[in-house]
Amino acid sequence: FGGVPIAREQTGWPSETVVVRNVAVASFNLGRLLVDLMFDGSEIEFLMRGFGSSFRLIEDGQNATASPIAQPSDHLMYRWHVDFGSRLPRHLQLEIADGFAGLTVPNDAVVWHPTTTAKSLLAFGDSYTQGQAAEGATVLTNWVNGTGYALGIDNLIISGMGGTGYTVDNGYATFGQRVSADIVPNAPDIL
């Protein structure tokens with residue numbers, strides 16, 4: 001890390017002290033995960049399974065790692081201990097392909113979900129938006145709920161119409177034609 005010491009230690013499976021509440025785990029591009037959280041302690045441990053992938057840590061929008069850190073490929077559980085040296089509120093993001101199992105923090109530290117000033121998110125698209133955001137879907141089963149959860153937005157407006165696109169209307173309307181009916185009246189904070 002850029003000035004932040006990190007140590008790796010082999011461990012067993014995560015115990016009941018592992019924190020996963022208040023942590024947003026959202027799909028990231030190309031199959032990577034983004035673990036997004038606010039944290040006010042001086043030390044944190046990320047628990048990861050050794051699947052041979054790499055990860056990087058972002059602190060307050062800046063890369064805390066000069067380059068991605070490789071994980072072992074032995075399928076064992078590892079604790080990656082990060083010592084920031086001081087207790088301050090921090091916005092942490094961990095980018096990882098796979099193997100994230102949770103995190104632990106000292107008893108006096110607090111982890112909370114990042115907040116946003118946005119009140120609504122409108123997901124506009126085709127069948128991927130319509131089908132993936134079906135009733136009863138969870139944060140881990142579709143991109144719309146996962147994005148809303150990661151951003152801390154509960155008001156999700158799903159505007160997906162299978163078979164439509166920029167030039168194809170599929171008997172309904174093209175994307176351009178749908179703007180006045182789907183986007184304008186809802187006036188979302190995020191589109």
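Residues are numbered from 1 along each chain as its sequence is written, and side-chain values rest on heavy atoms, with hydrogens and water left out. Given that the model is predicted, local features are reported at pLDDT of at least 70 and side-chain atom pairs at pLDDT 80 or more, whereas totals for chains, interfaces and linings use all residues.

Helices (DSSP runs of H or I, at least four residues) and strands (runs of E, at least two) are numbered from the N terminus. In helix α3, which spans residues 175-183, the buried residues are Phe-175, Arg-178, Asp-182 and Ile-183. Viewed down the axis of α3, these buried residues fall within an arc of 90 degrees (taken over the directions from the helix axis to the C-beta atoms), so they line one face of the helix. Gly-176 and Ser-180, both exposed, are carried on the face of α3 that is turned away from the buried side. The cover over the buried residues of α3 includes β12 (120-125) and β13 (155-160), contact being defined as heavy atoms within 4.5 Å.

Of the six residues of β12, five are buried, so this strand is largely enclosed by the rest of the structure. Strands β12 and β13 pair in the parallel sense over six bridges, the criterion for pairing being at least two bridges found by DSSP between the two strands. Within this arrangement, Leu-121 has Leu-156 of β13 as its bridge partner.

Aromatic pairs were identified among the rings of Phe, Tyr and Trp (its six-membered ring) with centres within 6.5 Å, planes under 30 degrees apart counting as stacked, over 60 as edge-to-face and the rest as tilted. By this rule the count is three aromatic pairs. For Phe-55 and Trp-80, the ring centres are 5.0 Å apart and the planes stand at 70 degrees, so the pair is edge-to-face. This pair links distant parts of the chain, with Phe-55 in strand β5 (residues 54-59) and Trp-80 in strand β8 (residues 77-83), 25 residues apart. Phe-55 counts as buried at 1% relative accessibility, and Trp-80 likewise counts as buried at 6%. Phe-124, Tyr-166 and Phe-175 form one aromatic cluster.

Thr-129 is placed in helix α1 (residues 127-132) and is buried, with a relative accessible area of 3%. Leaving aside neighbours within four places in sequence, Thr-129 is in contact with Ala-123, Phe-124, Trp-143, Val-144, Ile-158, Ser-159 and Gly-160. Thr-129 and Ser-159 are separated by 30 residues in sequence and by 7.2 Å in space, C-alpha to C-alpha.

A salt bridge is taken as a side-chain nitrogen of Lys or Arg within 4 Å of a carboxyl oxygen of Asp or Glu, and a search of the whole structure finds six of them. One is formed by Arg-87 and Asp-40, whose closest N and O atoms are 3.2 Å apart. Arg-87 lies in the loop between β8 and β9 (90-96) and Asp-40 in the loop between β3 (33-39) and β4 (43-49), so the pair ties together parts that are 47 residues apart in sequence. Arg-87 is partly exposed, with a relative accessible area of 40%, whereas Asp-40 is buried at 15%. Arg-87 also forms a salt bridge with Asp-108, the closest N and O atoms being 3.1 Å apart. Asp-108 belongs to the loop between β10 (100-104) and β11 (111-112), 21 residues from Arg-87, and is exposed, with a relative accessible area of 51%. Through shared partners, these salt bridges join Asp-40, Arg-87 and Asp-108 into one network.

A further salt bridge is that between the side chains of Glu-95 and Arg-56 (2.7 Å, N to O). Glu-95 lies in strand β9 and Arg-56 in strand β5, so parts that are 39 residues apart in sequence are tied together by this pair. Glu-95 counts as buried at 8% relative accessibility, while Arg-56 counts as partly exposed at 24%.

Technical notes: Buried means under 20% relative accessible area, exposed over 50%, partly exposed in between (1.4 Å probe, protein chains only).
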